[in-house]
2 protein chains.
Amino acid sequence: MEFPYASAPIKKLMVELLSAVDEQLGSSLQQTCTLPSDVQHFGNSSDTARASLHLRSGLPSSQIDFILGGWIHCKLPSGGALNITSLSAYLTSLTDAPHFLLELIQSSSTSLVLILDLTPRKDLILHPDYLKTYYEDTQLDRHRQHLQTLPEVRPYISPSLYIRAVLSPTAIVITVDTGASESTNIEEIIQDHISQIAKDLLNFWIESCARFVRDIEASERAYIGERDRIIKNKTIEVDLGSSFPRLFGQEIADRVLNALKEYYNK
Amino acid sequence: MEFPYASAPIKKLMVELLSAVDEQLGSSLQQTCTLPSDVQHFGNSSDTARASLHLRSGLPSSQIDFILGGWIHCKLPSGGALNITSLSAYLTSLTDAPHFLLELIQSSSTSLVLILDLTPRKDLILHPDYLKTYYEDTQLDRHRQHLQTLPEVRPYISPSLYIRAVLSPTAIVITVDTGASESTNIEEIIQDHISQIAKDLLNFWIESCARFVRDIEASERAYIGERDRIIKNKTIEVDLGSSFPRLFGQEIADRVLNALKEYYNK
């Protein structure tokens, strides 16, 4: 998968993340993208918005449901561009370990929104042991705490209540804003801080979530399967369904969203 | 219940909130406090820390489990004092409507932490209709949005992952810091902004949660009852269990926490 519009450090990060997936999980994944070609690449008629989605399914024997990489590029009336780059990785109900989520939203050269999380598969209140295993004992919060010490970083509050609810308590949900500062720029903050944290979190996810075998009972599998079904459908509805018709027109938006929904609910 | 150490606007707010409870829910509550007198008021031997808890149980016919008001006053080595003022209101499993939570933590004359929320009784991912009913359709987020416009307000991240997980996506979890500003002070921000929002939220809770009858099936009651049991026990464990031994000594801390736990699990 290529990222023609991303900035150099985001492109480098994505290449490294996808290489890690390929090296460590490649043998558990289909070799080619499962989506139709007109869903893998598409744009609007005036060529102001383009996007790409790349989905690799897990093999039936693996715990991986699928890995979805994607980007959206959209020219802004101001002359700049909005670039969204994302990587999400979903597990099957053979395990209850968290999913992986990364989203980088850059709407100018001086500001970036970062969402980076291992999203829980269970209600953390009813399952305090799950909170302890994946979020407390692992000290996952240290990554968020480190980024919070940077003066350019502030918490970001998603407008979607669903997105706020689906994220874990250690989710990194931040705005990086370098404003008129001449001493730091977004590229440096990605290189010096964000990249390493994203790679650490993906490696932790690969080792401790995707490859680690948990003993899940059948009744629990049904619960996790139903919760995941809601997460997958609701995430594309909130994340893509709200912007795609505006960016690409209703016809293309329907084609892409329906292809994803069909895949998710098969 | 009296608040001898709270600042004037916090005292005024608490009196107004407790009056609203008494006027609108008084006929559904026991008239006197259910706790032993040495749990209603207690302090450490050196008199540097004092606290008070006031718990009124709901009558068996009502949907109210109990209303718990409290404060902690603790002299700081710096010469100042830490004052925590709280009001929480729990419902029974006759309804699945949210609980009410207010906590004001003031550690200096220029800074305040506010936690104000209707805490969900269900997993919001598995129950999107619950998210819609109580948080989206009600536009509860407008209160948080309003406070966020004030320059003195920043998001507060609780050190406890459990507290982060138990709160709703519209929870107001903020630090108010007036620093060296001469033009605004904490008292004004409480009077002009926080008080009205706290009263609005409590009134909404009284009308739409405590008094409104929902049709809950028996299986769902068991689920809600179990989830609530975890919430009540975990909240005192995290909120009081971590600080009470240090503030009041192990003996008094055990007495108070055991009295609450006994009440919660009876």
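Modeller: Take Leu55(B), which stands opposite Leu68(B) in S3(B). Strands here are DSSP runs of E with at least two residues, helices are runs of H or I with at least four, and both are numbered from the N terminus. This is a predicted model, where local features need pLDDT of at least 70, side-chain atom pairs count only at pLDDT 80 or more, and totals for chains, interfaces and linings use all residues. Residues are numbered from 1 along each chain as its sequence is written, chains are lettered from A and ligands numbered from 1 in the order in which they are written, and side-chain values use heavy atoms, with hydrogens and water left out.

Biologist: How many bridges join S2(B) to S3(B)?

Modeller: There are 9, and the two strands run antiparallel. Two strands count as paired if DSSP finds at least two bridges between them. S2(B) and S3(B) form a hairpin, with 6 residues between them.

Biologist: And how many bridges join S3(B) to S4(B)?

Modeller: 11, again with an antiparallel run. Phe66(B) has Tyr90(B) in S4(B) as its bridge partner. These strands form a hairpin too, with 5 residues between them. Gly79(B) sits in that turn with a positive phi of about 110 degrees.

Biologist: Is S3(B) mostly covered or uncovered?

Modeller: Mostly covered, with 11 of its 12 residues buried. Buried means under 20% relative accessible area, exposed over 50%, and partly exposed in between, with a 1.4 Å probe and protein chains only.

Biologist: Switching to H1(B). Which of its residues are buried?

Modeller: Among them are Pro9(B), Ile10(B), Leu13(B), Met14(B) and Leu17(B).

Biologist: What do the buried ones pack against?

Modeller: Strands S3, S4, S5 and S6 and helix H6, in chain B. Contact means heavy atoms within 4.5 Å.

Biologist: Over to chain A. What's the strand order in the sheet?

Modeller: S1-S2-S3-S4-S5-S6-S8-S7, with 8 strands in an open, antiparallel sheet. S1(A) and S7(A) stand at the edges with a single partner strand each, so one side of each has no neighbour in the sheet. The twist averages 15 degrees from one strand to the next.

Biologist: Which strands does H1(A) touch?

Modeller: S2, S3, S4, S5 and S6 of chain A. The direction of H1(A) makes about 15 degrees with that of S4(A). H6(A) packs on the sheet as well, and its direction makes about 15 degrees with that of S6(A). Axes are lines fitted to C-alpha atoms, for helices over the stretch in contact, and angles run from 0 to 180 degrees between N-to-C directions.

Biologist: Why is S8(A) called largely enclosed?

Modeller: Because 5 of its 6 residues are buried. Leu114(A) has Ile174(A) as its bridge partner, and Val153(A) has Val176(A).

Biologist: Last one. What rotation superposes chain A on chain B?

Modeller: One of 180 degrees, with 0.0 Å of shift along its axis and an RMSD of 0.0 Å. The two copies are thus related as by a two-fold rotation axis. The superposition is by least squares on the C-alpha atoms of residues with pLDDT of at least 70 in both copies. In chain A, Asp123(A) has the C-alpha nearest the axis, 2.8 Å from it.
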